[in-house]
Amino acid sequence: MAAEFLVLLYEYSPLFYITVIAVCFIITVAVVLGWFGFEVPVILRSPDETGSLIPVNERKMVQVTNPFALEMGSAAAGTVTEGVSLRPYCLEDSVLSCFWGCGVQAVQAALQSHQCGLRLRTPEQFQEALELNYYHHQSFNIHKEEKEEYFTQMPPDLGVTHFGLLPRDRYPLVAVLTLANPETRDNYNIVASVTVLHVPDDKYRLSARILFQYLLTAHGNLYDLKPLFMSADNCNLSGTTEPSTSTQGAEPQPERPGEKWEESDAEGEWPDAQGRDCVVCQNAPINRVLLPCRHACVCDGCVCHFQHCPICRAFVLESFALANRPARDDEEEEEDLTED
């Protein structure tokens with residue numbers, strides 16, 4: 001009877017075609033989205049499928065030391081004509097070189113020359129690499145672990161009040177930190193720090209801020225520093241200039257020198273991580289940064305249960321640990337207490 005009914009429906013009703021095509025389309029879309037891990041309603045997934053998530057890859061870190069840190073000074077609301085203040089913090093005696101009105105192409109060419117064989121270790125080498133493609137150069141001697149602000153300003157007699165309309169061919173300010181003493185350069189893998197800053201002028205009034213930060217190594221590598229993000233309930237990752245242990249592998253925290261870890265880019269470690277609880281379990285401390293969104297929001301135990309970031313819902317490709325704290329340490333301590 002059922003077969004005869006379908007045959008009659010097939011012969012006399014055009015809705016049969018529409019129904020069959022619609023059902024096949026819905027089933028195909030659900031299967032494809034579920035296979036690639038996209039958000040599919042739970043009703044279309046089996047309990048076994050929801051419990052077997054693909055584990056997030058872990059990025060390996062190698063420890064190095066970054067002797068440089070640079071951030072905007074307390075009087076950050078500067079302009080091209082009034083100047084700006086910068087706050088460097090270095091683990092060794094260093095030289096802060098400020099290049100005003102530096103050409104964009106000149107900066108990129110200098111960074112590429114460092115990667116291609118010309119190692120930029122001194123302010124003089126940077127000046128040669130830039131080929132004098134800047135308006136004004138100013139240098140400051142930075143003493144070891146000194147916490148002072150340095151004011152830099154373009155001379156008024158140059159008559160430069162702006163750098164043109166967007167898109168521009170010059171950066172307002174490029175600050176370069178290098179080690180002052182040749183004997184200390186061999187002690188660090190990172191030999192220079194390049195910071196590109198925006199400074200408001202008559203044509204573009206956006207407030208002063210750091211645009212890019214790069215670390216240059218003695219082996220010709222270039223790392224792009226990027227900040228980490230956290231939930232609004234906790235304080236910002238940035239804000240302290242004290243040396244601290246951190247990682248270099250995807251995007252570090254540029255404001256602080258200290259212990260770094262190295263792989264492909266650069267990563268910053270969590271300052272004072274104690275007391276910051278995982279946004280998922282609200283129990284264990286946060287110790288994982290998700291990539292590529294760079295949200296530091298989960299603990300070691302919860303990171304394996306997510307394919308999407310709990311904060312922004314971006315797909316998680318990999319993660320790295322803020323501190324090398326094995327998850328078994330707490331379990332071993334509990335076992336020792338029970339044995340005693």
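Author: Let's start where strand β9 meets strand β10 (residues 209–217): the two run antiparallel and are joined by 8 bridges. Strands here are DSSP runs of E with at least two residues, helices are runs of H or I with at least four, and both are numbered from the N terminus. Two strands pair if DSSP finds at least two bridges between them. Across this pairing, valine 194 stands opposite tyrosine 214 in β10.

A word on the model: it is predicted, so local features need pLDDT of at least 70 and side-chain atom pairs count only at pLDDT 80 or more, while totals for chains, interfaces and linings use all residues. Residues are numbered from 1 along each chain as its sequence is written, and side-chain values use heavy atoms, with hydrogens and water left out.

Now step back to the whole sheet. It is open, with 6 strands in the order β6-β5-β8-β9-β10-β11 and antiparallel pairing. β6 and β11 (222–224) stand at the edges with a single partner strand each, so one side of each has no neighbour in the sheet. From one strand to the next, the twist averages 20° (axes are lines fitted to C-alpha atoms, for helices over the stretch in contact, and angles run from 0 to 180 degrees between N-to-C directions).

Two helices lie across these strands. Helix α5 (residues 123–130) lies across β5, β6, β8, β9 and β10, running at about 15° to β5.

What about the inside? A nonpolar core is a set of buried Ala, Val, Leu, Ile, Met, Phe, Trp, Tyr and Cys residues joined through side-chain atoms within 4.5 Å. Buried means under 20% relative accessible area, exposed over 50%, and partly exposed in between (1.4 Å probe, protein chains only). The largest core has 29 residues, and Leu86, Leu96 and Leu173 have the most contacts inside it. Strand β8 gives the most to this core, with 4 residues. Leucine 173 touches, among others, Leu86, Phe99, Trp100 and Val196, leaving aside residues up to four places away in sequence; contact means heavy atoms within 4.5 Å.
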